[in-house]
Structures are given as C-alpha cells and as structure tokens.
Amino acid sequence: MKFAPRCGILLSFYALILLLTNFAYAGPALDEILNTIYLDQSTPMDQEETLFRFEQRKVISRAYSYGQVFVTGPDTEKIARIRVYLEPNNQWQPGEGARMDLWDSPQKKTLLGSYTVMYDFRGYINSQADFEVNATVKPNSIYFFEISYVGAPENDGTMSRVGVLTGSLNYQITHRTLFVREDAPDGGDGFSWDTAFNSIQSAMEAAGNLLEGQGYTNGTIAGYDISFQTHVKKRYNRVANLKKMFGRFNLTRPELAEIKQAVDRQDFEKAIAKTVYHFEHRTFPPPLIDPSTVPVINPAFDTTEAENAMQNFYFADGMYKYAGPDMNWRSSPSFDANGKLTITDWALNRFQPRGALSKGYLNTGNHKYAKKLNDILLDWYRDNPPPKEAGFGGTGGDTVWASLEAGIRLGQTPIAYDRIHSSPEFTNDCRMATIIDMANHADTLIWNGGNAGGNWAITQNSSLISFALDYPEFKNSGLWFDISAERINGVFLRDFLPDGVESESAPGYQRNMVYWPLVDVYKLLLSRGVQTVFFNDMKAKLEKFAEYFMHLEMPGAGVGGQGAGTPNFGDYGDGGRAGIVEDSVLYNRPDMLWVGTGGQQGTPPSDLSKCFPYAGTVTLRSDWGNKGQPFEDARYLFLHGVHRGAHGHSDLNGVVVHAYGREILTDPGAYIYGSPAHVLLTSSVSHNLMTIDGQDQNSHSDVPFRAWGTTPVADYLSSRLPSYNAGYYHREVFYIRANDVPGAKDYWLIRDKAEGGGTHSMEQRWHFNPGPLNVDATTLTTSSATENEGNLAIMQVNPSRLQIEQTTIDTWRPRVDTTPTKLPTVIYKITTALPAAMDTVLLPFDGAQMPGMSIVPIETSGDGLDSVFKVVQGNVEDLFILQRSSTSKTVAAENVTFNGERLIARRVGGVLKSVVLTNGRSATVDGREIVNSTTTMQWYMVSFDASGDHVYTSPN
C-alpha cells in the first residue's frame, strides 16, 4: 500500500501566503462556535472489533508508547482534538491513563499540546477516544502525536490496546502529502518526513516509495498506522462567519428589517441582540420565552441531580456517570467484567444535564445552575458541529448526532431556553448559538434522517415539522416542512398496520413516541390552518390508534388511582388513564371517557374483548364495570402474538392477567438497555408462555392468529407460530364466561401445544406479582393468596404427567419499581415426544380464599393431544373434548357426538345451557342436534335460555 499526495504537491508560495495570513485564534464564545471544527486528517474508523483483531497488539504500557506522523491540511490553524481507538479493558486500573502528546515532529523538539484520558472517563462510544489537545498549528505541516502510559509506581504498568491499521488493509490516509520548499537541501530519500524536495518531479518520485506505515513504536518507525482522526479549525474570519450565519435567515421578511440593516452595516453585535430579542418577544409564532417562567423558591427541592451536573456527572440507568473533566459528549462509561463497553449511553446527548440544571435554577433561583448550563451548552455547540459540515458523526451508532437524539434535542431545546431565560448568566452568545443550533439540527435531520422508521422517524419528523412552522424566519423552513411532511406521510403508509396500530411491539413506545407526537402535529397543523398530504385523514387514523390503547387498558385503579395502564409487553407499557380522557375530548368519544374515568363518566365501549390481528394483540375481558360491578373488578387477559420493532420481546403467545383490581400474572417490561438484566427480561423465560427446551423464541412478525371469536357465551383464540427450532408453538385460549350463573366464576382454559418431532422438554412458565403462593403437591394447583385483592389459581388438567418447579425471577416493573424485584415464578415441565400438549385452567377470584372448582378427567392420550374432562363448579359442569385433529368423536358417557376439533358443553343442574364447537361441522348433545353444516366452521357458539336459542358463528 502506498500513500498518494493530496491534491498534488503543495508549492512553496502557497506556504508563504498561509504563513503571512496566519494569526492566533481568539474571540468570544459565538465566534469560536461559528469557526466550525471539522475533519482534517483521517484513516478509516471501522468498528473497534475489527481494529483490535489484528495480530499486532499495540498495548500501552510503561514499556511501550505509540506514535503517528500526519500532516495538516491547507487551511488548518488549530487542532482541537485527535480521535483514536482506545479499548477500556479490564487492564486499566484507577490512577492510570493514556496520555497523548502532540509534537512538532517525530524528533519531539517542541510540545504543542497534551491530553490524558484517565481511568475515570475511559469509556467512549465505539471505543473512539477524544484527546482534546487544543494546539495551535500551521497548515500544510508535519506533526507527530504519541500515546504513552501514565500511572503511579504501584500500578502494574499495562493498560489498554490502541487500534491500528496495517498493510493488510487497503486504506489511504486522507491528507498525507509531500512538500516542496525553495530553501530545501538537495535530494530526499522518500522515507523521512524531514526530507524536503527541490522540485515537483523529485517529490513525486519519492511519493511512490513511501513506507506502508507511518506509525512509531517507542520512537522508531513501524509498519502500521494508528487509526485516528484530527478535528481541526481553519483560519479565523469573523466577518465571513457572521455573514454566513445571518445568511441562513430570510432577512427580507418585514419583521427582520432592523436585523438586516445591522448586518448590512456589519454591526453584528447589534444584529445578534436584535435577533435574540425578536425570537424572545415576537407574537406569532409563539416566542421562545414565557415571561412568567421565573424561579420560584422550593425549599423541598432535591438539588442532588443539579449538584452532580455541576461536576459533570449525569444521571442514567439508575446511577450517576462521569462525563470527564471537560464534558466528554461521547461518554460511555458502562462496562462488563472484562472492561468491554456494554451499553451506549443516550441520556447525556438527550441532555439529561440540561433538565437537571434548568430545574435546579427554577426551584432555587441560584444562578450558578444557569451559568453551568450556559457553559455546557456552549461546550456542546463548540465540540459538536453539524456532521455534514464537520465531516464526522451523524450515524445511528454515534449518539451525539444520531437522528433520534437530534430529533429529541430539537423538540426539547426551547423548553430549556425558556427555563433559564431570566438569568443574566444565560448570555447573548449562548442564546444566539442556541437558535442557530436548532437550525443546525433541522438541517442535519434533512441530511441523515431519511431512512429512519418507527419511533425514530416520528420523533425527528414531528420535531422538524413543528420547528419549520415555528421558525419561518429561516430560509430553509419551507424545505424542512416539505420533507418532514413527506416523511410523516411515509410513516403512515409504511409503519401503520391495517388494524390502525403502529408496528412497534411496545405500547409505551407506541403511545409516547408515535401517538402523542402525531397528535401534537395534528393540533399544530389544525391551529395554523396548514394542509399536508396526510392531514385530511390524519384524525381518523389517530382515532383508530387511540381505540387500541382504550382496549388495552387494564381494569385496575393503578398507583394513586390513575389507572393500571397497558401491559408491559415489549419494553414497557403506557401508564395512567389521563391520556385516554384527552383522547375522549379530541375525538368526542364517550366510550373513551368511560375508560379514562374508570366508569365514572361517558358510556361503556361496545366491544368487551378485542382482537387487533396485525398488531398481534388480543384482550379477553369480562366487562367494563357496566354490570353492577366495580370497573376495577373486571377480569382481563391479554395475549401478545407478534414481534415487531426494536423494542419488542421474545414474548409470542405470552399473556398477562388482571382481575379484581390487581395485575396478577405480569409482564416484566425492560431494564437498562444492553445490560444482562435487560437481555434476561426480553427473553422468553421471563414471560407467561411455554418454552421448548428452554430456548429463546425466534422473532416472528406475521399474523399468527388462526381463529378468533368473541360472543356472550365465550371467547376463542387460536395462535400458532414458528417460535422454536423444535417446532411450532400453538396456544389456544377459551374464555368461559360465567354469564351470571349462580355459583359460577368465569375462567380461561389454555391449551399449549408443541409441534414437531423427537423428544423435547416443554416448560410452561407463570410469573406472579409479589405475594404469597400456595401449591398443592397432589394436584399441582398453584394459587396466589393476597388478602383483599385479586388472585389467580393455575390448575393443570393432567397433573400426573408434569413436574413443578417454584423459583423467582428478577424483574423491573415500570411504574411500580425503582429497583429490580423478585417475582414468584412457577414452571410446569414435561419431557415427551412431540407433538404434545398440556391443558391449563386459569381461575381468577377475589380475596385469599380460592373458590370451589375441580377438574374431573374422563379420558386422555399419553401425549395430551386427545383429552376429555370436566370443569366443575357446584352444579355447573363444563365438558371439554379436545382432539388432535378435526374428526368424528363420540363420548357415550356424556351423550355427545360431534365432528370437529374442540367441543365445550355447559350444563347447569344437568340442563344444557351452551355449546362451543371449533373447526367443525356437526354436534349433537343430550340427544339435541346443535348444528349440522356441510362446511367446516372456524367456530360456532350457541346458548339456550328462556328467551330462546342464541347462535353465533364465525365469519366463514
């Protein structure tokens, strides 16, 4: 591999001109920010795993230092930082660090700048460490940096690897070049950077003989390059930079006339002051500040987060993390036992310190918090210019300018601005820089946000369209609006499913990251009278989406009586009913008002149970509190059957049960992303479902529901999907309604079937909310026994085939826990040849005493696929006949003949009251022909009472 000169050979008279125009960088904060940092020298910066895989292990120690020769570009006058790969492994110890010295040459005659990455802040995103050397340099000149070990004598002297590139890769350093000087001595061997050439021809000949590497080990040239970037500033031109900044505004607008006059006179200080004043005091669109937002002393306010932010500690993932002595915005300080980065932190660049400091100021009136926020805002703007202009960053893997983070910051920046606007420590430079930074965010989202989907697309484009409408003073506002509107329309077309639900498999994300931002966009467009390609039917689509949250709402009162929220399937659920009340107002829906107020206002929804087949969710519900029972006492089972999006879990066919005011079988939600706890909670073993051989599930996004029906008699769901390597997982749920029969409780029957072949283990897992459990050693019945609350009994139809294990699982329940808690867990197991099935009754009840219910086996096959049994409650008997396939069957003792797959017959005091038939054609019970069809029906249900026969059939 050879290095080619950049843009040919740089001639001596160019160097002379550059020398004459060079001056030391200086200026106020805004001037420094406008003199944008950008990428100069660069080698490829691939993932660190690639760079650390090579046979050459460049380990920093007392014995070894590593250096690199590079050359500055034609406009470079300051090297702000040098970025290299630095592994934060477990060799690092407290008190150790990697020091970078920037020298004038490999001979190290003049030290230009130094920076040390210490153990305390050694973690950087993708292991790309930033050494902020801040050195004044000359353009078109050779420099040398060296990384060496820093540590006390008691340390072992070995700490970390540096990423290098070797000749085995076909790469080229961006700006490596050779120079021709008029006063150079004759000759030049092409190997030494100190060698100059008297002619272009001799320099070109030497360039062809360059070594394959310009790295150094202990001061001696070696055959590699350190993987690095230099981030630099060019010569300072204040007038040009300020003209460029004001050129982003449409100064022909009448309200900006005085600003234009000041810019034309190059009275930039006045122009800046008037610009800030305009955005803070305009009447329409709304101004940046609310005069009433001023500090109100709150003696009870906890200043812990604000005080930590003062010392560059930010709060994330339940702990405080150090961002380094000068706010390393690419901080990533979470490691496993081997020192490997485990989590990419997002809180810092979603500006957690901004919230902590601005709240500190508003609650204490202490200007030190406003000053610190002012300073770190300026630091952010200085260190993180727009990636398109800077030439680095802007990818999803680098959280500084990932489009999701940019969208969040753009939406939230005006909030922080308003919170500290009354403080004199919030300087005009910072106010102006903040206004420009928001425009930088908008431009960046146009540049790097086109391929985003899901909540990324909604977050960034809802922020972008709002910013476009709120800041028409910018020339690009029309572009921002058009592109964000086009992208939001693409979200509706691409990410919304036919049943009206956005595709991300987590209701908390759907509600907070998709639904609410779109509602805000709708309200904004409506208030401004602005039309888009999606506006006309936007309200109808959002209303359909809101119905989904209404039906998912669990019936309990929840914490503080605010509602139990949706189940925590996926990363987390949506909590509280206040949002449903807001929905009822927006769409004028009395049924949403009923659910949002817990049955206190409005009218009940028309549907009890509900299936959203494309979203893969089903709720089986007893009532809405509209049958003389409290709203919170309803029985509710939720099943999830589709895995979509980054926040879905391996929870296919998993269920949640809520009854009599309490969530009993719970879903774990999530924990710190990337942590072992998060991996555990997202896996199948943490959910209420069946696993095969303890395996995690294969993700599956196709509609799994083979059959669905809801009637006053019963509900029926059949969900089958290729979850496991051993075979398909088929879960059927029958909700048998009590229907006001004296002495009867409603309950769910679940059949779990493992398809496939060979011998395998089937494990049915049930995770209870904390509380006492009773386990009957004979029947293997498990029942919770919480006093004065809802409880659940799990009863096995054929317990003699099974083994039972009691254990706990650590989980974190959103809206309930602040730390992980242990959930009582019961696992029913069987090792058997597949296919095989197990049948289970879930009986909800109120109070600690389990009601009388028994299961009476009649006949069963060894694999459980053919099973006949009764569920008995006093004089109420429910006969279940479950077959391995749809065929003719007679149970003479029960006076039943039918052709089908499943049959359920309810008798009360020996009198037939209802029949359910699935995947069948005919049934005769107690000598009475129930149905006789020439075609097979998915399901058929009929009830008999004094008013007559009531028949319900599947659509086919």
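**Close-up views of a sheet and a helix pair**

**View 1. Tyr66 meets its partner across two strands.** In this predicted model, Tyr66 has Thr217 of β12 as its bridge partner. Tyr66 belongs to strand β3, which covers residues 66-71. Strand β12, residues 215-217, runs antiparallel to β3, and three bridges join the two.

**View 2. Strands β3 and β12 take their places in an open sheet of six strands.** Reading across the sheet, the order is β6-β5-β9-β3-β12-β13, with antiparallel pairing. Which strands stand at the edges? They are β6 (111-118) and β13 (220-222). Each of these has a single partner strand, so one side of each is left without a neighbour in the sheet. As you follow the sheet across, the twist averages 25° from one strand to the next.

**View 3. Helices α10 and α13 pack together.** Here we move to helix α10 (residues 367-383) and helix α13 (residues 428-448). Their axes lie 10 Å apart, at an angle of about 45°. That angle makes α10 oblique to α13. The crossing of α10 past α13 is left-handed.

**View 4. A closer look at the residues where α10 and α13 touch.** From α10, the contact draws on Asn374, Leu377, Leu378, Trp380 and Tyr381. On the α13 side, look for Asp429, Cys430, Ala433, Thr434, Asp437 and His441. How many residues of each class make up this contact? Between α10 and α13 there are six nonpolar, three polar and two charged residues.

Key: Residues numbered from 1 in each chain as written. Predicted model: local features only at pLDDT ≥ 70, side-chain atom pairs only at ≥ 80, totals over all residues. Heavy atoms only, no water. Axes fitted to C-alpha atoms, helices over the stretch in contact; angles between N-to-C directions. Helix = DSSP H or I, 4+ residues; strand = E, 2+ residues; numbered from the N terminus. Parallel < 35°, antiparallel > 145°, perpendicular 65-115°, else oblique. Left-handed = near helix turned anticlockwise from the far one by under 90°. Contact = heavy atoms within 4.5 Å. Nonpolar A, V, L, I, M, F, W, Y, C, P; charged D, E, K, R; others polar. Pairing = 2+ DSSP bridges.
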